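I am starting a notebook page on this structure.

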Amino acid sequence: DDGNNAFILSKKAGKTWVIDINKKGVESAQWTHPSISFSCSPVEMTPFENEFFDVIVMNDVLEHVLDESVALNEMFRILKRGGQLIISTPHKGMFAFLDPANVKFLIKNKTLLRLAYGRKKADKFLAGGNSRENFHRHYTLKQLRCLIEQSSFNGQYSIERVFRSGLVLGIFSVDLKIVLRRIFGERFTAFIMAPLFKLASLEYWIPFGPFAYNISISVRKI
């Protein structure tokens, strides 16, 4: 992440802190956005004091952590009482199988894998036996509720809002871009894909309920 999402959110906050495990990404983002405090840290063990934040945003984070319960326990620790935790993750919707991070697991043909990802990445992936160790997790609302109730939030939270949005254009655009840039290059692909990405950004804000690809929930600590 180049820190641009954090910069957008920082416009609504008095002070903004960001953590990420990518050290180079953190250093680059800190240089680009000096008004924001960036630090390299796993979300399961942050450097902040108890009840430090009024609002915490986990934007496409939960699906990557090693242990969801440990991560949520840490969010509970550093969130003030009455504070808000916003969680955004991929949803188990109709087109979840097209997740750009997971679609490679569906491709069994070596030639197609090389076409989409290049020889080096495809061969490395195949050499690993198509391991699902880094499989991109998706959640239903029920599963997110269960995870929260299995954490320190149990009995001390309320879900104030649920928003399930986007259907297929966003992920289809990314999947198509992966293939086209191998054929036409980065610049031409960006040019021809621009209209589709604009449509995808509009589709993102349409609520598709249980069919949606994205889910966001707002949790209040009580």
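I counted the secondary structure elements and got 8 helices and 6 strands. For this I took DSSP runs, numbered from the N terminus: helices are H or I with at least four residues, strands are E with at least two. Along the sequence I read the order α-β-α-β-β-α-β-α-α-α-β-α-α-β.

I noted the ground rules: this is a predicted model, in which local features need pLDDT of at least 70 and side-chain atom pairs count only at pLDDT 80 or more, while totals for chains, interfaces and linings use all residues. Residues are numbered from 1 along each chain as its sequence is written, and side-chain values use heavy atoms, with hydrogens and water left out.

Next I looked up the overall dimensions. The C-alpha atoms fill a box of roughly 55 × 40 × 35 Å along the principal axes.

I then checked burial. Of the 222 residues, 38% count as buried, meaning under 20% relative accessible area with a 1.4 Å probe, protein chains only.

For contacts (heavy atoms within 4.5 Å), I took those with a separation of 6 or more; residues 24 or more positions apart account for 75% of them.

Last, I went to one strand pair. Strand β1 (residues 17-20) runs parallel to strand β2 (residues 37-40), with 4 bridges; pairing requires that DSSP finds at least two bridges between two strands. Between them the chain passes through helix α2 (residues 23-32), and this β-α-β crossover is right-handed, that is, clockwise from the first strand over the helix to the second with the strands pointing away from the viewer. I found Trp17 bridged to Ser37 in β2, and Val18 opposite Phe38 in β2.

Technical notes:
Buried < 20%, exposed > 50% of the residue type's maximum accessible area, 1.4 Å probe, protein only.
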